[in-house]
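Please examine the model displayed below.

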Amino acid sequence: MKTIFHRAKERGFNNLGWLKSYHSFSFSQFYDPQKMNFGLLRVLNDDAVSAGMGFGAHPHDNMEIVSIPLSGELKHKDSTGRDEVIKTHDVQIMSAGSGITHSEFNNSREKEVKFLQIWVFPNEKNIEPRYEQKTFLPEDRENRLSTVVSPNKEEGGVWINQDAWFSLGNFDENKTISYDLKKEGNGVYVFVLSGEVEVDGNTLGERDAIGIWETNKIDVKTNTYTELLLIEVPMNF
């Protein structure tokens, strides 16, 4: 088993006033040659957008883009005609495929929105752009992992054009979570949304992360009430 430990305080940070963004991997003005990606996981941005502000229309192609609001709501529009509101407890995915233009704005004029935006390299390039979002209730992930992104539609998550799985879970203190990787050759990136855990002898606090690969299973022990995001991705392009 191999691991890489990413402390929250070592993430890149960009403050535009209306946007405060932490970057787990090289992005925008933050560049670290040791933090370009974890396997096919390319971007994990932890964003806070002020009331009424947001990202104007901009293009993407050949990337799987997942948005997970942590608090507040996002207003999404894109060149396929989609006009949606993504709320807390929703998970949205956009397969940029052959090319798409979209915008994202805070849907509130009073409160900021906090969300994760995550990019994964696709399995198949130049597919027709697509969009999907679903609601995943927090009570369905109390002391268990809930699959919210999956390449298999029957698993209930939003569909991703890659052999990747995202899982969310909320766990009480002194719980041990065992996660069996879905596919040989994949790795898993454990991101602590809140709380404190122990993984492979490392103590992780809020927004710390650890990437693990060359194993079929991982164990995570909670030291406090903890909210987790696990991202399993192929390690080879």
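**Space and charge**

Q: How many residues of the lining of the largest cavity are charged?
A: The lining of the largest cavity divides into three nonpolar, two polar and five charged residues. Here Asp, Glu, Lys and Arg count as charged, Ala, Val, Leu, Ile, Met, Phe, Trp, Tyr, Cys and Pro as nonpolar, and the others as polar. The number of charged residues in this lining is therefore five.

This is a predicted model, in which local features need pLDDT of at least 70 and side-chain atom pairs pLDDT 80 or more, while totals for chains, interfaces and linings use all residues. Residues are numbered from 1 along each chain, and side-chain values use heavy atoms, without hydrogens or water.

Q: How much space lies in the largest cavity?
A: A cavity is a set of points on a 1 Å grid where a 1.4 Å probe fits but cannot get out, with lining residues having an atom within 4 Å of a point. The structure holds one cavity of 30 Å³ or more. The lining of the largest cavity is formed by H6, R7, R11, S24, K35, Y189, F191, R207, D208 and A209. The space in this cavity, counted as that filled by probe spheres set on the points, is about 40 Å³.

Q: Which element gives the largest share of the lining of the largest pocket?
A: A pocket is an open set of grid points with protein on both sides within 12 Å along at least five of seven lines. The largest pocket holds about 260 Å³, and P69, L70, R141, L193 and E227 lie nearest its centre among 16 lining residues. Two or more lining residues come from each of the strands (DSSP E runs of at least two residues) β6 (64-71), β9 (90-95), β15 (165-171) and β17 (186-194). The largest share, three residues, is given by β6.

Q: How many residues lining the second largest pocket are polar?
A: About 220 Å³ lies in the second largest pocket. Of its 14 lining residues, F27, N45, D47, F55 and Q117 lie nearest the centre, and β3 (19-23), β4 (41-49), β5 and β11 (113-120) each give two or more. Four lining residues are nonpolar and two are charged, while the number of polar ones is eight.

Q: How many residues apart in sequence are the parts tied together by D46 and R207?
A: Side chains of opposite charge can pair when their charged atoms come close. D46 and R207 form a salt bridge with an N to O distance of 2.6 Å, the rule being a Lys or Arg side-chain nitrogen within 4 Å of an Asp or Glu carboxyl oxygen. Both residues are buried, and the network of salt bridges that includes them also holds R11 and E206. D46 lies in β4 and R207 in the loop between β19 (202-204) and β20 (209-213), so the sequence separation of the tied parts is 161 residues.

Q: Is E132 buried or exposed?
A: The side chains of E132 and R130 meet in a salt bridge of 2.9 Å, N to O. Buried means under 20% relative accessible area and exposed over 50%, with partly exposed in between (1.4 Å probe, protein chains only). R130, at 21%, is partly exposed. The value for E132 is 18%, so this residue counts as buried.

Q: Which residue forms a salt bridge with K114?
A: K114 is partly exposed at 36% relative accessibility. The closest N and O atoms of the pair are 3.6 Å apart, and the partner is E112.

Definitions and conventions. Helices (H or I, at least four residues) and strands (E, at least two) are DSSP runs, numbered from the N terminus.
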